[in-house]
Amino acid sequence: MAQIQTARGTIDTADLGRVLVHEHVFLMDMEYTFNYRPDFFSEKTITDAADRLNELKAAGIDTIIDLTVLGLGRHMPTLAKAAALTDLNIIVSTGAYTFDATPAPFQFYGPGLLKDVPEEPMVAHFVKDISEGIADTGIRAGMLKCAIDEPGLKAGVERVMRAVAKANRITGAPITVHTAPLQETGLIVQRLMDEEGVDLEDLVVGHCGDTKDVDYLMKLADRGSILGMDRFGVEFAITMQERVDTIADMVKRGYVDQLTLSHDCCCWSDFFPEVSDYHAAMPNHNYLHIHNDVIPALLEAGVGQADIDKMFVDNPRRYFEGTAKRFAARH
Ligand SMILES: [Zn+2]
């Protein structure tokens, strides 16, 4: 067993239950929202979110990992209000989300920069979020997150990724990375994390479900990382059935212990003019899609209930416990 931080305090890994590994509650360009979306600050946004989270709990999910970090509109006081209205465990994250530039507050601040300091300052920010809490809410991050998309290992992306890796080494918090499987950026993540001394089993390679290329997926899995089959309901380039068939194929090839499931969706976002526009544009991108549609399709594709339970329950638990055990062994 190991201890996990959530928006409502510490829980034991035995209480994680069924986990969706890559979700969001609120997702926004915070500056835009602050200027143009007064509806975000209404009580209704919080109660609507709580309704969605409670529906998810009622559908049998016990825990979500909210991967909303700097760059995606992390606003912990609002999240705390929604978390107080649900029994669902919400594991929150620290890190930064960029495909290119360094986050603005660090562009001139760091080793060799105009505000020259010996150590990468992002590391201390991330470590504080994990060990003390975020923005005086007392809520501690339980996961680290960064991103590498189609542009590849841009200077800002590399800086954030190395800072995330160092924070993992200091705190033992596990890591999820947003990757672009068509550009095989998960392999770049593994190389860089390995250079930084991160155990690749501490890593969830996110958005692996966006490809049908099982050779690429096996390459990542063979180095010990967990694969995020985590964008159910996003149907631009790949259908639900293709996502399901790829999972069934990976299970047949013996990789069930490294697969996890999720949607990467949210309750409220400013990515569309109205929340109703989001639901209209992406009707399956909601917390209940896996429960309602994906599990029946997995069973239909020949994936057994025991294997589905591994992806929801055993794999996330083993991942958190393994990361904690490896950290304890180093210290
Ligand atoms: Zn996400």
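Predicted model: local features only at pLDDT ≥ 70, side-chain atom pairs only at ≥ 80, totals over all residues.

Residues are numbered from 1 along each chain as its sequence is written, and side-chain values use heavy atoms, with hydrogens and water left out.

Back to the helices, which are DSSP runs of H or I with at least four residues, numbered from the N terminus. Helix α8 is residues 240-252, and its axis comes within 10 Å of the α10 axis, crossing at roughly 55°. The axes here are lines fitted to C-alpha atoms over the stretch in contact, and angles run from 0 to 180 degrees between N-to-C directions. That makes the two helices oblique to each other: under 35 degrees would be roughly parallel, over 145 roughly antiparallel, 65 to 115 roughly perpendicular, and the rest is oblique.

Who makes the contact, meaning heavy atoms within 4.5 Å? From α8 we have Met 240, Gln 241, Val 244 and Ile 247, and from α10 His 289, Asp 293, Val 294, Ala 297 and Leu 298.

Let's stay with His 289, which sits in helix α10, residues 289-300. Is His 289 buried or exposed? Buried, with a relative accessible area of 2%; the cut-offs are under 20% for buried, over 50% for exposed and partly exposed in between, using a 1.4 Å probe and protein chains only. Leaving out residues up to four places away in sequence, His 289 touches several residues, including Phe 232, Glu 235, His 263 and Asn 284.

Now the rings. How many aromatic pairs does a search of the whole structure find? Nine. Rings of Phe, Tyr and Trp (its six-membered ring) pair if their centres lie within 6.5 Å, with planes under 30 degrees apart called stacked, over 60 edge-to-face and the rest tilted. Phe 34 and Phe 41 are edge-to-face, 5.1 Å centre to centre with 85° between the planes. Phe 34 is partly exposed at 47% relative accessibility, and Phe 41 is partly exposed at 44%. Tyr 97 and Phe 99 make a tilted pair, because their planes are at 50°, with centres 5.2 Å apart.

Last one: ring pairs link Phe 26, Phe 34, Phe 40, Phe 41 and Trp 268 into a cluster.

Methods. Contact = heavy atoms within 4.5 Å.
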